Amino acid sequence: MSEENKLIAERRQKLQQIRDNQDVAFPNQFRRSHVAAQLHSQYDNLDKDTLAEKAIPVKVVGRMMSRRLFGKGGFAVLRDVSGDIQLFVQLNGVGEDTFADFKGWDIGDIIAGEGVLFKTKTNELSVKVDTLQLVTKSLRPLPEKFHGLSDQETRYRQRYVDLIMNADSAQVFKTRSAIMSEIRRFMEQREFLEVETPMMHVIPGGATAKPFTTHHNALDLELYLRVAPELFLKRLVVGGFEKVFEINRNFRNEGVSTKHNPEFTMMEFYWAYSDYHELMDLTEELFRHLAQKVLGSPHINYQGHDIDFGQAFARETMTDLVVKHSPDLTSEKCNNLSLLQEYFTQKGIGYDKKASKGHLIAELFDIYVEDKLIQPTFVTQYPIEISPLSRRSDDNPELTDRFELFISGHEIANGFSELNDPEDQAERFRQQVAHLEAGDDEAMHFDQDYVRALEYGMPPTAGEGIGIDRLVMLFTDSASIRDVLLFPYMKPE
């Protein structure tokens, strides 16, 4: 028997003894008066004499993370959702039977104590308990104290243990929650209406991505998990909801990497009678607001880079950036398909001979530009071939009124002035279907109902999607998307 299995067997025996001696092995009557952080914030500044004079009664409950025994007394560190608080347990305070139980409890057990606050000789705020109770028996030992849960895969698979042992990990998800709350507050203050749209679609749409499929038994119907809520949100704009947003879960049947998870969270919003320039202004304001409210500063540090949300975000066209960062590339070559193909050949870059000029420019952007965009940068004027839902530029019909926001080499947001010409949209859907039939499993399907909605008339509108997971990565200095997902996708054990 392994050492771990031996410890588990010993704990199961202890649980059985509890079952034999008590009517209820897992009681649920204890109610606390404070959490640890409240006690520290309210009473850490009081001296020993003042605490002794006040005799402040408290009730606390949490997981026992450590214990030190000495003769007829002992200390235990209790951890709750807010932090740690120390208990001081004496035989003459809790009684002989309870003290004997306390000595037999295990690290990881959830215990409750009632008593008064005091400070130890080392000036640590503690609870001198007169009542002590085992609330939940832990059957599995926690990782060794000084090394914690260090294996990354185990941290992701057993997030519940990771959260117990790693305060930094727990803080990441508290920060994530604060970001979500502030996003909602920011949008609602600007009169955006939060809505919910379907997660199962008859026709996948809203993004060029390979969907997951499922089956509805009662209707005998193949359905797709949503890749984006875009087409449903724009239907609402047609219906008269001029400012809408949704914080949504999306599913894309793509590879797993440090920046990609098959299931992810985005915030998408649509704003009638605005354009992509106004979206960029609003996005700057949102990111600045989040940094100040959540982190207390417009500056964040991400993987060794100081990111400044206080300054104006750079705005540059995709073609200009490609010319700037691709060796020996000129604007003339970018504007000529054959010259662009020659450039790929000269540089030894493989490419699809049927690829359009826009697709080749986007490929060069991925190779030479993306990882160089450290400070917040709006990349604008995307080729129409890779922007099937974006409005054509009035100045150049080969380009679209679209941007993507890059920070520290990551795409964080994607926005554009929406295409509201139903005939143009129908033609682009037909082009996407042709790509789909030619084997591109990320191309869009033809959504006739969406075209019908546009035929009723959608006002000039701008829309944007912001990747919440990548945003949280930035704000928590997390190198991998798995670090900011409570339960990232993992292969079965």
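User: What volume of space lies in the second largest pocket, and what makes it a pocket?

Analyst: About 440 Å³ of space lies in the second largest pocket. On a 1 Å grid over the protein atoms alone, a pocket is an open set of points with protein on both sides within 12 Å along at least five of seven lines, and lining residues have an atom within 4 Å of a point. The volume is the space filled by probe spheres set on the points, which are joined across faces, edges and corners. Of its 17 lining residues, the closest to the centre are R79, D80, V81, L163 and A170. This is a predicted model, in which local features need pLDDT of at least 70 and side-chain atom pairs pLDDT 80 or more, while totals for chains, interfaces and linings use all residues. Residues are numbered from 1 along each chain as its sequence is written, and side-chain values use heavy atoms, without hydrogens and water.

User: Why is W105 called buried?

Analyst: Buried means under 20% relative accessible area, exposed over 50%, and partly exposed in between (1.4 Å probe, protein chains only). W105 has a relative accessible area of 9%, so W105 is buried.

User: What makes T400 buried?

Analyst: The relative accessible area of T400 is 0%, and therefore T400 counts as buried.

User: Which residues is T400 in contact with, beyond its neighbours within four places in sequence?

Analyst: Contact means heavy atoms within 4.5 Å. With those neighbours left aside, T400 is in contact with residues including Q381, Y382, P383 and R391.

How values were computed
1 Å grid on protein atoms, 1.4 Å probe; cavity = no way out; pocket = protein on both sides within 12 Å on 5 of 7 lines; lining within 4 Å.
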